[in-house]
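I opened this notebook to keep track of what I looked up, entry by entry, in the structure shown below.

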Amino acid sequence: MSPSGRIDLAGLERQEIEALFHEHGVPAFHARQVFRWIWRKGVTDVAQMTDLSKVTRAQLAERFDISTPAVVKREISEDGTMKLVLGLSDGRQIEAVYIPDTPSQTFCLSTQVGCAMGCAFCLTGKMGLVRHLDAAEIAGQVRVLAAATGLLDHSFNIVLMGMGEPLHNYDATMKALRILHDQHGLSVGPRRVTLSTVGLVPMLDRLAHEPVMPNLAISLHATTEEQRAAIVPPTKKYSLHDILEACRRFPLSKRSRITFEYVLLDGVNDSPADAHRLARLLTGIKAKVNLIPFNAAAGLPFERPSDARVDAFAQTLADRYINVSVRKSRGRDIRAACGQLIVEGQRQSAGQRLASAF
Ligand code: SAH
Ligand code: SF4
């Protein structure tokens, strides 16, 4: 629902639009046309949907809205990474990032304003949760990024690694993925989408049964329960052990693996003993490890390890036959890198309340 009280078509799956049109006496086949205009052509002004009759256009314009997050600010990094600050209908802001040539084109989306999980090394976590995004706001970021980069007709990857914890906003996130997947729209295949999560076990089990299932990345970051609980608070509810068990039962297609993200914090979780323990923990899981050297930001009490230390950690894993990569930090000069997404001035008391309710 939009602020005007009218139904927002940008947050609906094609079949839902069909049902809605049917209710309103609009022929159902117009749903496919409208869906195509929105998602394939990026057109949200009904007046421009020229294959609909004038009467139908007037009818639709009167009854429905089609929302798009507004670009408030656009910053381009020296490495080509582009960060968009997007304004939502209630004035809240989120960030969405375009990362070029990795080797594919990648869009990094937010799923919440802020985040309730409170990881000690993450700026978004410092905001607390302000609110969940709805499906229109999550999928809409793709439309905005595609328009800003001229990639609407090209293939791109999507990573749910912006602000927020996607599995804490499960229904809206999955709905957005179904909208993006629809063959009459952008037709983004699930293999081109990676969902990154801190590991909310019941939601991981739910994800395991999704018909449109993205690639899975687990933010692990630690090799003992105590160490993880200290930097990733949800561990107190869902232990490292339980998360790894959920990964073991997670259905994977023949060629796919679960990515384990591991933020390297100098002197905290980056010792040779950690690397050995990590290799042991992943035994029996089709895994690959993505090491993310900590991206510093004011107010975060950690340091980035030296390159030599990062390499040594990676080498220890490689020696144990673990597929390992080190994430190159992109867009650090515009604060678009992992964990650096925060929109100032949104640390709300309501957000803090929601955060503590988690
Ligand atoms: N909430 C989800 C997805 C968003 S965070 C999750 O935590 O997985 C995306 C990735 O950025 C996560 O792996 C997260 O741990 C990492 N990250 C957060 N803060 C970081 C920082 N300061 N430096 C490097 N990586 C960071
Ligand atoms: Fe939330 Fe992910 Fe940041 Fe943790 S790392 S606070 S889960 S966005």
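Before reading any distances, I wrote down that a polar contact is a pair of N or O atoms within 3.5 Å. I also noted that this is a predicted model.

**Entry 1: ligand 1.** I looked up what lies around ligand 1 and found that 19 residues surround it, the closest being Phe121, Ser196, Ser219, His221 and Asn295. For phenylalanine 121 I had to look at the backbone, where an N or O atom lies 2.7 Å from a nitrogen atom of ligand 1. Asparagine 295 also uses a backbone N or O atom, which lies 2.9 Å from a nitrogen atom of ligand 1.

**Entry 2: ligand 2.** I then turned to ligand 2 and listed the residues that surround it: Cys115, Met117, Gly118, Cys119, Cys122, Gly125, Gly164, Glu165 and Val198. Sorting this shell by class, I noted 5 nonpolar, 3 polar and 1 charged residues.

**Entry 3: the two domains.** Next I looked up how the protein is divided, and I found domain 1 at 7-65 and domain 2 at 70-355. In the contact I counted 17 residues from domain 1 and 16 residues from domain 2. The C-alpha centres of the two domains lie 33 Å apart.

I wanted a figure for the interface as well, and I reminded myself that the size of an interface is often given as the accessible area lost when the parts come together. Here domain 1 and domain 2 bury about 1400 Å² between them, with 55% of it on carbon and sulfur atoms. On the side of domain 1, the residues that lose the most area to domain 2 are Glu13, Trp39 and Arg40, which together make up 47% of what that side buries.

**Entry 4: polar links across the interface.** I looked up 6 residue pairs in polar contact between domain 1 and domain 2. On the domain 1 side, α1 (14-23) and α2 (29-39) each supply at least two of the residues that touch domain 2, and α2 gives the most, with 5 residues.

**Entry 5: salt bridges.** How many salt bridges does the structure hold? I found 18 in the structure, and across the interface of domain 1 and domain 2 the rule finds 3. In one salt bridge, the side chains of glutamate 13 and arginine 178 meet at 3.0 Å, N to O. Glutamate 13 lies in the loop between β1 (7-8) and α1, whereas arginine 178 lies in helix α6 (residues 170-181), so I noted that the pair ties together parts that are 165 residues apart in sequence.

Note on methods. Residues numbered from 1 in each chain as written. Chains lettered and ligands numbered in written order. Predicted model: local features only at pLDDT ≥ 70, side-chain atom pairs only at ≥ 80, totals over all residues. Heavy atoms only, no water. Domains from an automatic or database assignment. Contact = heavy atoms within 4.5 Å. Buried area = accessible area lost by both parts, 1.4 Å probe. Salt bridge = Lys/Arg side-chain N within 4 Å of Asp/Glu carboxyl O. Polar contact = N/O pair within 3.5 Å; in protein donor to acceptor, adjacent residues only side chain to side chain. Helix = DSSP H or I, 4+ residues; strand = E, 2+ residues; numbered from the N terminus. Near = heavy atom within 4 Å. Nonpolar A, V, L, I, M, F, W, Y, C, P; charged D, E, K, R; others polar.
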